[in-house]
Every structure is written in C-alpha cells, then in structure tokens.
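Subject: Structure handover

Hi,

Here is the structure for you to look through. My notes on the salt bridges follow below it.

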Amino acid sequence: MSAPSADPARATHIALTKAGQLKIRYPAELLSDDGTHLVVRAAWARDTVKDFGFVRFEPGDVFVEHYWRDRWYAVKEVRSAGGVLKGWYCDVARPAVVHADGTVEVEDLDLDLWRSADGTDVLRLDEDEFAESGLAGRDPEAAAEASRTLDALEQAARTAAFTDLLTDR
C-alpha cells in the first residue's frame, strides 16, 4: 500500500463496478482534482502477483490513476516498487462519479488496453469478455461508445504523444 496521507482530505477510495456489482474497492491518495480530471495514487490492491504474460502486477507496485468525469476511460500508470515504469493500463469505463464521501466510482465496460513503457507493445484486451457481457443488447449506445473509445485509445497509444491524454487541455 502507498503511505497513508497525513491529510485525511486527500484520502479516498476507488470503487470499480462491473454490470452494477462492486468488483473491487481500495484506498487511494487524491493527488489532484480540477472538477473534471482527478488523479490518485494507490498501491497494487492485492497481496498476490497477477501475471498477464506481458506484465506482472506485484505487491509494492504503485499506480497513478487518472479518471475523468467526462471521458469514457481511465488511465493507470504502473510503476514497480522501485519506481521503474512498467507501462499504462487503460480501462474503458463510463465517466467517473465522485460521491459525497469522496469515493470515486467507475463502471468497467470490460475493454482494456495495455501500452508498454517503451511504447512498442500496444495490446487490446478482453474483447471476448466485452462481447459476452451483453452490454450491446442492454445499452447499445454505451457499447458503441466503449468500442469507439478503445479504438481511439489504441490509436493514441501507438504515438509518442500518448501521455498527452493525461494532461488537461
């Protein structure tokens, strides 16, 4: 876990949901929030290693997570405990909702994208899960937006300007 903030106002929680069900909730430190774009820092939320084959998330890894109230994705910069950049994990998700208690809620729409630290590997993930989720039948507009978002993220991830997504314009 990342070190707790001395300022309780900077402590928050991330609540990731999927199809209306809580998937995971974990503590995070609020780094900034301009009313549209918020940034938090959190430790890998599990005690075990998750090996995707192309990257390993391990206890001690630190995530700097970017959420927007008006974008259909979240971008998570992943670093090892020693500070070495592993890459960026992008979740296609509905825009973030920040509740009165400070909890940041994000609904995962199954589609993900990985960009390695050097930008040479850009991988579309979980398209099979997305197809099986039934979102296209339940909410065709959201499904279409999710597909467009994944395409746009992939296009951006294949350029050197990818990290421009993380800045406010």
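Which side chain meets Asp-108 in a salt bridge? The partner is Lys-23, at 2.6 Å, N to O. A salt bridge here is a side-chain nitrogen of Lys or Arg within 4 Å of a carboxyl oxygen of Asp or Glu. This pair links distant parts of the chain. Asp-108 is in strand β10 (residues 104-116) and Lys-23 in strand β2 (residues 21-33), 85 residues apart. Strands are DSSP runs of E, at least two residues, numbered from the N terminus.

First, two notes on the model. It is predicted: local features need pLDDT of at least 70, side-chain atom pairs count only at pLDDT 80 or more, and totals for chains, interfaces and linings use all residues. Residues are numbered from 1 along each chain as its sequence is written, and side-chain values use heavy atoms, with hydrogens and water left out.

Now accessibility. Asp-108 counts as buried because its relative accessibility is 9%. Lys-23 is partly exposed, at 44%. The cut-offs: buried is under 20% relative accessible area, exposed is over 50%, and partly exposed is in between (1.4 Å probe, protein chains only).

Next pair: Arg-94 and Glu-107. Their closest N and O atoms are 2.9 Å apart. Arg-94 sits in the loop between β8 (85-93) and β9 (97-98), and Glu-107 in strand β10, 13 residues away. Arg-94 is partly exposed at 22%. Glu-107 is also partly exposed, at 22%.

Shared partners join Asp-51, Arg-56, Glu-58, Asp-61 and Lys-86 through salt bridges. Within it, Arg-56 and Glu-58 meet at 3.3 Å, N to O. In total, the structure holds 18 salt bridges.

Best wishes

Technical notes:
Helix = DSSP H or I, 4+ residues; strand = E, 2+ residues; numbered from the N terminus.
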